[in-house]
Amino acid sequence: MELSHIEHLGIAVKSLETAIPYYEEKLGLKCYAVEEVKDQKVKTAFFKVGQTKIELLESTDPEGPIGKFIEKKGEGIHHVAFAVKDGVQNALNVLSDKGVQLIDKAPRKGAEGLNIAFLHPKSTVGVLTELCENPNEK
Ligand code: ZN
């Protein structure tokens, strides 16, 4: 298993409408995509900083994972996503063998068509960690 770079940072926000202008007008980034991921009960907005993306996450349902996160902890960094080189499933197998607790035992589809899987924050020193791989970049 090899991590190549930080693919994105996931940031929970109450409202994309109020968060996007901060990133665009204050930081000078450009929102290049807004996408709803029904599965995760979120609407996402993407920005690029070099090869790393910022993924803003607005909950579409208070009972969804981001809705619950904001309820408990407020807005802020939600997860770190690493790009893996040799497949998400392979990385999950390797990490599981090393005793890391997984949220997803197999990759699923995330925003932008990426294959993604989450590791459990109990095993990752408090940071919800996502592994991802772009199936089109192989
Ligand atoms: Zn993510």
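Colleague: What is the relative accessible area of Lys 41?

Modeller: Lys 41 has a relative accessible area of 35%, which makes this residue partly exposed. By convention, buried means under 20% relative accessible area, exposed over 50%, and partly exposed in between, with a 1.4 Å probe and protein chains only. This is a predicted model, in which local features need pLDDT of at least 70 and side-chain atom pairs count only at pLDDT 80 or more, while totals for chains, interfaces and linings use all residues. Residues are numbered from 1 along each chain as its sequence is written, and side-chain values use heavy atoms, with hydrogens and water left out.

Colleague: Where does Lys 41 lie, and what is its phi?

Modeller: Lys 41 lies in the loop between strand E2 (33-37) and strand E3; helices (H or I, at least four residues) and strands (E, at least two) are DSSP runs, numbered from the N terminus. Its phi is positive, about 55°, although Lys 41 is not a glycine. Val 125 also has a positive phi, near 55°, and is likewise a residue other than glycine. Val 125 belongs to the loop between E7 and E8 and is exposed, at 81% relative accessible area.

Colleague: Which residues of E7 are buried on each side?

Modeller: Asn 115, Ala 117 and Leu 119 are buried on one side of E7, and Ile 116 and Phe 118 on the other. With 5 of its 5 residues buried, E7 is therefore largely enclosed by the rest of the structure.

Colleague: How many bridges join E7 to E6, and in which sense do these strands run?

Modeller: Two strands pair if DSSP finds at least two bridges between them. Here, 2 bridges join E6 (residues 108-109) to E7, and the strands run antiparallel. Lys 109 has Asn 115 of E7 as its bridge partner. The hairpin formed by E6 and E7 has 5 residues between the strands, and Glu 112 in the turn has a positive phi of about 65°. E7 also pairs with E8, in the antiparallel sense, over 5 bridges; there Asn 115 stands opposite Glu 133.

Colleague: Which residues of helix H3 are buried?

Modeller: An α-helix has 3.6 residues a turn, so residues three or four places apart point the same way. In H3 (residues 88-97), the buried residues are Val 88, Ala 91, Leu 92 and Leu 95. They cover an arc of only 100° around the axis, which puts them on the same side of H3; the arc is that of the directions from the helix axis to the C-beta atoms. Their cover includes strands E5 (76-84), E7 (115-119) and E8 (129-133), where contact means heavy atoms within 4.5 Å. Gly 99, with a positive phi near 90°, follows H3.

Colleague: How many residues line the largest pocket, and which lie nearest its centre?

Modeller: A pocket is an open set of points on a 1 Å grid over the protein atoms alone, where a 1.4 Å probe fits, with protein on both sides within 12 Å along at least five of seven lines; lining residues have an atom within 4 Å of a point. The largest pocket has 31 lining residues, and Pro 65, Ile 66, His 78, His 79 and Leu 128 lie nearest its centre. Helix H2 supplies the largest share of this lining, 6 residues.
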